[in-house]
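Reader: I'd like to learn how to read salt bridges. Can you walk me through them?

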Amino acid sequence: ELEEEARPPVELRQRKKPKSSENKESAKEEKISDIPAPERVPKHVLFQRFAKIFIGCLAAVTSGMMYALYLSAYHERKFWFSNRQELEREITFQGDSAIYYSYYKDMLKAPSFERGVYELTHNNKTVSLKTINAVQQMSLYPELIASVLYQATGSNEIIEPVYFYIGIVFGLQGIYVTALFVTSWLMSGTWLAGMLTVAWFIINRVDTTRIEYSIPLRENWALPYFACQIAALTGYLKSNLNTYGERFCYLLMSASTYTFMMMWEYSHYLLFLQAISLFLLDIFSLKQNDKVYEVYKIYIFSLFLGYLLQFENPALLVSPLLSLVAALMLAKCLQLNVKKGSFVAKIIKVINFYLVCTLTITLNIIMKMFVPHKENGHMLKFLEVKFGLNMTKNFTMNWLLCQESLQAPSQDFFLRLTQSSLLPFYILVLIICFLSVLQVIFRRINGKSLKETVTLEDGRIGERPEIIYHVIHTILLGSLAMVIEGLKYIWIPYVCMLAAFGVCSPELWMTLFKWLRLRTVHPILLALILSMAVPTIIGLSLWKEFFPRLMTELMELQEFYDPDTTDTWVKTEKERQAPVAAVFAGSPQLMGTIKLCTGWMVTSLPLYNDDDLLKRNENIYQIYSKRSAEDIYKILTSYKANYLIVEDAICNEVGTMRGCRVKDLLDIANGHMVCEEGDKLTYSKYGRFCHEVKINYSPYVNYFTRVYWNRSYFVYKINTVISFQS
């Protein structure tokens, strides 16, 4: 009997031996049997969820479409676009916008797509004495895609090229608004937040977008994809996301990250800030490492694929984004497996932070040593001067510092945001979320574990990973926007989104009530009421105050009126069969329009990412300095220029900012004006060239012959044979 009783355990041990796969399957079966079967969700609840999602999606798409139609209608009214001739339409594209659109026109004129791409990558018909890869240098992928779509869809038989081009950009702005809507909806749980986001975005459009003034700008093509990436990342970081939703967010994030990187040359700097935000999110163990490192893999994939398809662009290899992500990957490999929450784990976190920072700087220095690059060297010099680390008399640096978009924000900027109620609510939401995040971090430092699922009653909005990410990211972007106003076009859209999410989120109000220890009224009920009442009141007040203004703008029929540019000698001379090989010299902003409207070569371009072009710009600007006719002649002929255009607006400029007129900056660079105490002043025996050349006396008439003038422009032919007159 004892033997019989002893047999069963032996037989059980033998059953456990066979294959490990069988053991795993049996273990899974045991686990599955332990988990209680989920209760079926009632049909009326499913219907409510479906109705909520359907209405939200419909509202998001409708908002995007309405915004795109609004932009189209406003553009038509502002320029009376459909009633203008082709030349007048093209003149509405100013500066670098004109350059981008001119290449779109060139692609449509090319006999084939391959030939068009070859001519752009080996372009010697834009800048005199210079062959450039325009696709790489100017990020012309939007123009390539637009030209392919225009011809492949047969749109050339239906719509004019200019309408197709601006229509795509307006459509992308609609996607931009939809992505912001979805992001706010994902964070708050109500599509009411998305509606408020869109309302704030449109009302504050002076500070949210430059689409009204410069349609083809790279940021107008790129930022909609960045907004899609932000929306996908927000969904991906959510704790309660199912497998299919996670997979969809990952794929959307991958596609939008890569597309964003291809559309804009400065995109990797924005992604670098995003990577820093995710790194700080990971440092405090506020999110599973796996998801954050999956995003890092997307960065690496996008960088290397972009490097290959952007003609081996060295800027991507020496970018701080690649150095940071590589350092994070290396640090992960070196991390020790220690128990989370222990004292050793906290020490490892500090070491890890120091290691990542050190590795990032080291790797970036090493990459710059071995990878030949000329990428944005002037940007570092600019930042040094901007923050007072260096002083310079260099014309280009001082000219960049004087640009309005590179100044600190003005008081009008904060006043506009306050009048639309955006800034007060943003500050309120940011303070509550930031303090809640700090509370979570201190809990984590003290060894308290975070709850897997945070309920509304807990009032801990700072425990949600996507909220933490957005708080860190908006603080980083806001800090930069406080230094450089041009970055407000990246920051303010997310201010709209974050403020709208906060006022519509019951969780945020519940977090505030937990701190206040509210007991007179049931806090959950009050939070739900406020999350509906506050956005409704804001929406009604915005509708009452700003909707009539928007309607007035659409009803007013404006007209683009610039007769001096439209009737310039360029148009007249074109009718007279001017030389095909003519080369024009003048201010870079005007040269963009000349290139677009005539197709002739120019001496410089309004681009600031190439040292040679920046030097050309400075040399050509000497026509507004106190230099001799011979000096100016030598400069212009060194670039093979045939015609010179002098602008009265620059020559007789009355600047509002002290020392920021072009002629003042030239005088400082040439030593003809005292900039600081102790400077040596060199008196020039020559008058200002742009004034003297108009008088038509020797020696100016020996070098330059005036062929056309009006109230704004004086056009001179540069003599090939100098005839000295007394």
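Reader: Are K488 and D207 buried or exposed?

Author: First, some ground rules. This is a predicted model, where local features need pLDDT of at least 70, side-chain atom pairs count only at pLDDT 80 or more, and totals for chains, interfaces and linings use all residues. Residues are numbered from 1 along each chain as its sequence is written, and side-chain values use heavy atoms, with hydrogens and water left out. Buried means under 20% relative accessible area, exposed over 50%, and partly exposed in between (1.4 Å probe, protein chains only). Here, K488 and D207 are both buried.

Reader: What do the side chains of K488 and D207 meet in?

Author: A salt bridge, at 2.9 Å from N to O. The term means a side-chain nitrogen of Lys or Arg within 4 Å of a carboxyl oxygen of Asp or Glu. K488 lies in helix α24 and D207 in helix α11, so the pair ties together parts that are 281 residues apart in sequence. Helices (H or I, at least four residues) are DSSP runs, numbered from the N terminus.

Reader: Which residues are linked with K488 in a network of salt bridges?

Author: D207, R416 and E485.

Reader: How many salt bridges does the structure hold?

Author: There are 25. One of them joins R89 to E160, with the closest N and O atoms 2.7 Å apart. R89 is in helix α4 and E160 in the loop between α8 and α9, so this pair ties together parts 71 residues apart in sequence. R89 counts as buried at 9% relative accessibility, whereas E160 is partly exposed at 41%.

Terms used. Helices (H or I, at least four residues) and strands (E, at least two) are DSSP runs, numbered from the N terminus.
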